[in-house]
Amino acid sequence: MRTGFAYFMRGVLGEEALWWSFPAGSITSLVLAAAYYRFGGWRTLHMIENRPAAGEPPDTGLGVPRQRANMAPEMPSG
């Protein structure tokens with residue numbers, strides 16, 4: 001937005017078009033963010049699908065969880 005504004009408005013505003021491109025870009029970002037907030041589907045999306053039930057350790061794929069490996073819990077030494 002900034003580059004296009006500065007390029008197309010340089011004939012009208014001259015060198016000032018470069019400096020006016022910053023507020024124009026900020027206003028455009030504000031309008032797009034407000035439109036996404038108002039009309040975007042972000043409220044209905046889910047980032048994590050198929051989550052394990054509460055209390056179950058997550059399966060990271062990095063090893064066998066202690067419960068499935070039939071290992072005794074570690075005892076503190078002391």
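Start by selecting Leu13, which you'll find in helix α1 (helices here are DSSP runs of H or I with at least four residues, numbered from the N terminus). You're looking at a predicted model, where local features need pLDDT of at least 70, side-chain atom pairs count only at pLDDT 80 or more, and totals for chains, interfaces and linings use all residues. Residues are numbered from 1 along each chain as its sequence is written, and side-chain values use heavy atoms, with hydrogens and water left out.

Next, show α1 (residues 2-13) and α2 (residues 16-39) together. Their axes come within 8 Å and cross at roughly 140° (axes are lines fitted to C-alpha atoms over the stretch in contact, with angles from 0 to 180 degrees between N-to-C directions). That makes the two helices oblique, the label for whatever is not under 35 degrees (roughly parallel), over 145 (roughly antiparallel) or 65 to 115 (roughly perpendicular).

To see what touches, select residues from each side: from α1 they include Phe5, Met9 and Leu13, and from α2 they include Trp20 and Phe22.

Last stop: the aromatic rings. The whole structure has 2 aromatic pairs (ring centres within 6.5 Å, counting the six-membered ring of Trp; planes under 30 degrees apart are stacked, over 60 edge-to-face, the rest tilted). Pick Tyr7 and Phe8: their ring centres are 5.1 Å apart and the planes sit at 80°, so this pair is edge-to-face. Tyr7 is partly exposed at 47% relative accessible area, while Phe8 is exposed at 66%.

Technical notes:
Buried < 20%, exposed > 50% of the residue type's maximum accessible area, 1.4 Å probe, protein only. Contact = heavy atoms within 4.5 Å.
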